[in-house]
Amino acid sequence: MSMNESAVPMDGCMVRIEGLRKSFGDLEVLRDVNLDVAPGEVVTIIGASGSGKSTLLRCINLLETPDAGHVWFEGSDLTADHVDVNGLREDIGMVFQGFNLFNNMDVLDNCTLAPVTLKKMGKAEAEAVALAHLESVGLADFAHAAPATLSGGQKQRVAIARALCMNPKIMLFDEPTSALDPQIVGEVLEVMRGLARDGMTMVVVTHEMEFARTVSDRVVFMDRGVIAEQGEPEQMFTEPAHPRTRAFLARYLRS
Amino acid sequence: MDSTRSGMGGALARMAAFARSEHRYVLLGTSAVAAAGMALSSRPRPALSFMAHAYGVEVVMYYALAAWVALSAVALAFKLARWRTYAKTSPFTRPAAVRALRYGSYAVCAMTLVLAIDRIAMGLASAWRVAVTADTRPEPMLESMLFMLYDSRAIFFEGFKTTVALAVFGTVIAFFLALLLVFLRIQVVDRADNDFVRFWKVAGAGFAKAYSTVVRGTPMMVQAMIIFFGVFSLFKLTSLTTTQVNGIWSTFAAGLVTIVLNSTAYMMEVLRGGIESVDAGQMEAARSLGLSQWQAMRKVVFPQGVKFAIPGLSNELVINIKDSSVLSVIGTFDLMFATTTVGGMYYRQFEAALLTSVIYLCLTMCASWLLGRFAARLDVRPVKLGSTSDQPVNVEEN
């Protein structure tokens, strides 16, 4: 089945996911997932471990190749055969649970590598952009520090700045605070709140329910490879319709 | 703090700290040193012995050492007699006695050192003087070996030069070839690749794998023969005479090619191991920014992988120093070939082999030390592996 770009019904969506399936061996991780993300929208994906949240996120920039289904990003089908995946990834920023800062470079080089290599930006210009983004995450003083010398929260903020340096249209966050001590989770969430305020389109996989409730425009609850329920945060956190959502959120509903 | 310091300075500092501190078993340890000194003193004096001119001093030293051993025996008797109350009742455990024993132990070590220099170092020097001045090979073992070394020094030196040249050039050339080849070895087909790129990636990886399997799976000695005689036959297909071919395709050239071929295969695998030990997240992060497989490999993964591989790579020089010895099978005039030549000249293969083993050992130890310094210099900023859980957590009390 071939669909040319003009025929894709995007309906003003930035990302449209249709009939997505993914298995690892016999384990079916995603079973027919459909999801739209509008420009400027902040979508949080919640759900139990193993429900397929991270795999869904990683399918959006094709770090995982889906077995079936489509992922459209701004009218281009990422799952088509000869699509320029590298070019599309430039517009899709990603932040990982394990930070994944390049250990062989200092903080500034981490941020300038991709702009200099891909956007043919001059070194000086790229560094100016990088310093501005580091400033916005509060780490301009650490421009020449080695990643290994930073704390977890600082590393994750650098990772966010690194992704922002490519001036992405959407940011994917894969459990960005799960590897952090509880007391430094806040500094990373604060940066993400700022991004959301500035109108960045974001898809966030998280276990931070408070963040999901207060920052996101829409909460998606995933259960065993499908989207069980989605809706406005207030509705999801006060009167979820699906019994499994209610069970998952029981702890937060009471408070 | 001291444990982070390494090298010569750190070792000296640790030794000094060991000597300065009080030890519970100082008598147990130094009585053995004293006994060794007495044993050395009982050995016949070599011709160049300086203690021969101070006979009285040596007698005093001998009896001082004997007294120390006797003192240790008394302390041992005390210990055996008062096993449980020794620490409280023994005169040897009083602070003043402990300090005196420590100073005594310095004297014992110094006397043994003087005796060791007199008997061992001066013994070697005497044997060397005999070997250098002798016209025919003297019978005693040490003199005989040193005579062979001195008499055939030109042959040994020639072999030594060849071995060093083979190992150094072989390792350096192989390193660069391995860098190129490992790129073929680790290629994985990316979904963005077209059929042309896919074909070459698969073919390249297959070639590198086959090369490594064949080279690592056959003895180097056999490879040396195949390369030397095989290429020789190819040259003979031309109109060149045997003498001309020998001028171009020398045993040294064939030996170097063999070493390069071998080392490339092993270094490629070491590099591959280093690259594969780089966390997969590094590649993912680079790809998520839009970098291609090749760009991510070249700028992020490869530099880190090479750094991980440095210890294994530098090991290869030491291996080449030793393994080049099999090249004597095709007549490469290396240290091993020199050894069998010299051994044949005097009908003394054992002594020749013993001599060469000392030379090889010195060479490999020097190479290890130099490479260690080199690696320490490259590793200016060692990457500390750790996660956020390693960060200190300050628990606030309220």
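1. Basis. The model is predicted: local features need pLDDT of at least 70, side-chain atom pairs count only at pLDDT 80 or more, and totals for chains, interfaces and linings use all residues. Residues are numbered from 1 along each chain as its sequence is written, chains are lettered from A and ligands numbered from 1 in the order in which they are written, and side-chain values use heavy atoms, with hydrogens and water left out.

2. Sheet of chain A. Four strands of chain A make an open, antiparallel sheet in the order S2-S1-S4-S5. S2 and S5 (76-77) are the edge strands, each pairing on one side only. Helices (H or I, at least four residues) and strands (E, at least two) are DSSP runs, numbered from the N terminus, and two strands pair if DSSP finds at least two bridges between them.

3. Hairpin. Strand S1 of chain A (residues 15-24) and strand S2 of chain A (residues 27-37) run antiparallel and are joined by eight bridges. The two strands form a hairpin with two residues between them. In the turn, Gly25(A) has a positive phi of about 65°.

4. Lys22(A). This lysine belongs to strand S1 of chain A and stands opposite Leu30(A) in S2(A). Lys22(A) is buried, with a relative accessible area of 10%; buried means under 20% relative accessible area, exposed over 50%, and partly exposed in between (1.4 Å probe, protein chains only). Apart from neighbours within four places in sequence, Lys22(A) is in contact (heavy atoms within 4.5 Å) with Leu27(A), Glu28(A), Val29(A), Leu30(A), Thr55(A), Glu64(A), Thr65(A), Pro66(A) and Asp67(A). The C-alpha atoms of Lys22(A) and Val33(A) are separated by 9.6 Å, the two residues being eleven apart along the chain.

5. S4 and S5. Strand S4 of chain A (residues 68-73) is joined to S5(A) by two bridges, and the two run antiparallel. Phe73(A) has Ser76(A) in S5(A) as its bridge partner. Glu74(A) is in the loop between S4 and S5 of chain A. Its phi is positive, about 50°, although Glu74(A) is not a glycine. Glu74(A) counts as partly exposed, at 41% relative accessibility.

6. Glu175(A). A positive phi, of about 45°, also occurs at Glu175(A), which is not a glycine. Glu175(A) lies in the loop between strand S7 (170-174) and helix H6 (182-197) of chain A. At 11% relative accessibility, Glu175(A) counts as buried.

7. Form of chain B. Chain B has 15 helices and zero strands. Its radius of gyration is 31 Å, well over the 21 Å that the globule rule gives for 398 residues, so chain B is more spread out than a compact globule. The radius is taken over C-alpha atoms, and the rule is 2.2 Å times the number of residues to the power 0.38. Along its principal axes, the C-alpha trace of chain B spans about 90 × 90 × 30 Å.

8. Contacts and surface of chain B. Of its 398 residues, 37% count as buried. Among contacts between residues at least 6 apart in sequence, 71% join residues at least 24 apart. Chain B exposes about 23000 Å², of which carbon and sulfur atoms supply 69%; accessible areas come from the Shrake-Rupley method with a 1.4 Å probe.
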